[in-house]
Amino acid sequence: MIERIYLYLIHTILLYFYKKAYKLHVKSNVEQIQNNKLLEILEKNKNSFYGKKYKFDKIKNIDDFQKNIPFTIYENYIPYIDRIKNGEKNVLTSEKITMFELTSGSSSASKLIPYTDGLKKEFQNGIKTWLYLLYTKYPKLKYGRSYWSITPVTETENKKIIIPVGFEEDSEYFGKFEKYLMELLFVNPKDVKKEKNIDVFYLKTVTEILNCKNLRLISIWSPSFLILLLDYIESNKEKVLEKVNPKRRKEIQNYIYSKEYFKIWKHLKIISCWGDNNSSKYLEKIQKLFPKTVIQEKGLLATECFVSFPDTTFYGNCLSYHSHFFEFINMEDNKIYTASNLKQNSRYEVVVTTSGGFYRYKLGDIVEVTHIQNSLPYIKFIGRKGLVSDLFGEKLNEIFLRDVMKSLNIDFLFCMFAPKTDHYVLYILTEDNLLADEIDKKLRTNFHYDYCRKLGQLKMLKIFKLTENCEKEYINYCQKKGQKLGNIKIKILSKENEWDKIFTGFYK
């Protein structure tokens, strides 16, 4: 009882600070806030090298900005980031670059994203509003502890970088005082973030969360990460139970052997994780394991920016319009729209300008506007625009392939398309009987793919049936490439062509 009162008081203090962000969110004018956010970023960085190059001081409104500042992608920033890495100041921002954060490297090698205190505050604007809404909707969370994703620190190849690389844990997004309070609420083992031995990392992590009887919130990125933690418990029952304190061990050992995980944490209210289509199968699996727990899908977050968060007062994920300045490229007419004039049911590519030094940055994420409430758009992630496989001009993209799999009406736990010399391979974990020619016909509804098949440039699709260890094999491979464990996202399309050497399985 004393611990619950103690936890309630800490949560109450945190939510007192977060209420201000929530009030701004519900009372502000979207158009006005977005205009002010843009001018604030430009004013703050007008004396940087980039600001002088593009004459930020001459820009007075959104029209000026769009006429004079070009769209950018990550590659445009590499020369500037190289200068920052070597210690040069005032390159992209007038504000000091405090650190670099690594991307997950989902479509290419890992990238370094510069972070300033201003960018961290922009992330906090979204995170604080989300947490205030979450704890208001589910007040019993205040009486318990939380597990927030911590993954092993990724070592960078370039040891000469002067500026630190990588957040060690999610609490780093907060200010020092809030970080201190949050660490009082977390069940994370203190030394696990620097653990290089992955087996020891898993053992320390699962021991800590198993010891916590009053776990109420699990916040992770990929739902597959939670599955991995549970699989580790299942595969190492005796070793794990030896580490759990004796009293708690007696309470939970039967549940571990029977895989009744929901009985281990009887107060678990929320599991927050990614929920887009590539993660949906894992969400279904988690919901079966925790039938009484609410699975809340996270909004759209990237290493570069905070785009949206779940709104518990209204269905869907709302744009975090206090975070950054947003533009949207309509996928049909290619016209540019601001946040206050989007159209419901339309799809857009997200473009963002942040205090971290990225200006009119094409994020590559495609979203669909599901609702508009008081001029505030609610959006859902559809897929990646930039992830296209193109051996001979077939131009297969993630969104199309996801629609193909949805149209088949089959049950699968994992699937991924990848090119292989002169054909594509579908790597899939399923008990259903699949016919390669049936799936190939679906692919041929794509004009460019069909044309390449007619010319004989592409042979018919092949199917590679996977074993139950495919998720672990996929994640282990991604880790070896330098991606952070908890951030690895299962994708439906890979441009790499050697997966049959990585996965265990067989060609059908």
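Trainee: Where does isoleucine 5 lie?
Mentor: Isoleucine 5 lies in helix H1, which covers residues 2-27. Helices (H or I, at least four residues) and strands (E, at least two) are DSSP runs, numbered from the N terminus. This is a predicted model: local features need pLDDT of at least 70, side-chain atom pairs count only at pLDDT 80 or more, and totals for chains, interfaces and linings use all residues. Residues are numbered from 1 along each chain as its sequence is written, and side-chain values use heavy atoms, without hydrogens and water.

Trainee: Is isoleucine 5 exposed or partly exposed?
Mentor: Partly exposed, since its relative accessible area is 45%. Buried means under 20%, exposed over 50%, and partly exposed in between (1.4 Å probe, protein chains only).

Trainee: Which residues make the nonpolar surface patch?
Mentor: Met1, Ile5, Tyr8, Leu9 and Tyr143 make a patch of about 520 Å². Patch residues have over 30% relative accessible area and no salt bridge; like charges are joined within 9 Å, and nonpolar side chains (Val, Leu, Ile, Met, Phe, Trp, Tyr) within 5 Å. The areas come from the Shrake-Rupley method with a 1.4 Å probe, and for residues only the protein chains shown count as cover.

Trainee: Switching to charges. How many salt bridges?
Mentor: The count is 25, taking a side-chain nitrogen of Lys or Arg within 4 Å of a carboxyl oxygen of Asp or Glu.

Trainee: What does glutamate 3 pair with?
Mentor: Glutamate 3 pairs with arginine 145, and their closest N and O atoms are 3.0 Å apart. Glutamate 3 is in helix H1 and arginine 145 in strand E3 (residues 145-148), so this bridge ties together parts 142 residues apart in sequence.

Trainee: And arginine 145, buried or exposed?
Mentor: Arginine 145 is buried, at 17% relative accessible area. Glutamate 3 is partly exposed at 36%.

Trainee: What about glutamate 234 and lysine 259?
Mentor: Their side chains form a salt bridge, 4.0 Å from N to O. Glutamate 234 sits in helix H9 (residues 223-235), and lysine 259 in the loop between helix H11 (246-258) and helix H12 (261-264), 25 residues apart. Glutamate 234 is partly exposed at 23%, and lysine 259 is partly exposed at 46%.

Trainee: How many residues apart are aspartate 450 and lysine 454?
Mentor: They are 4 apart, about one turn of helix H16 (residues 447-455), where both lie. Aspartate 450 is buried at 14%, whereas lysine 454 is exposed at 62%.

Trainee: Which residues are linked in a network?
Mentor: Salt bridges link Lys420, Glu498, Asp500 and Lys501 in a network.
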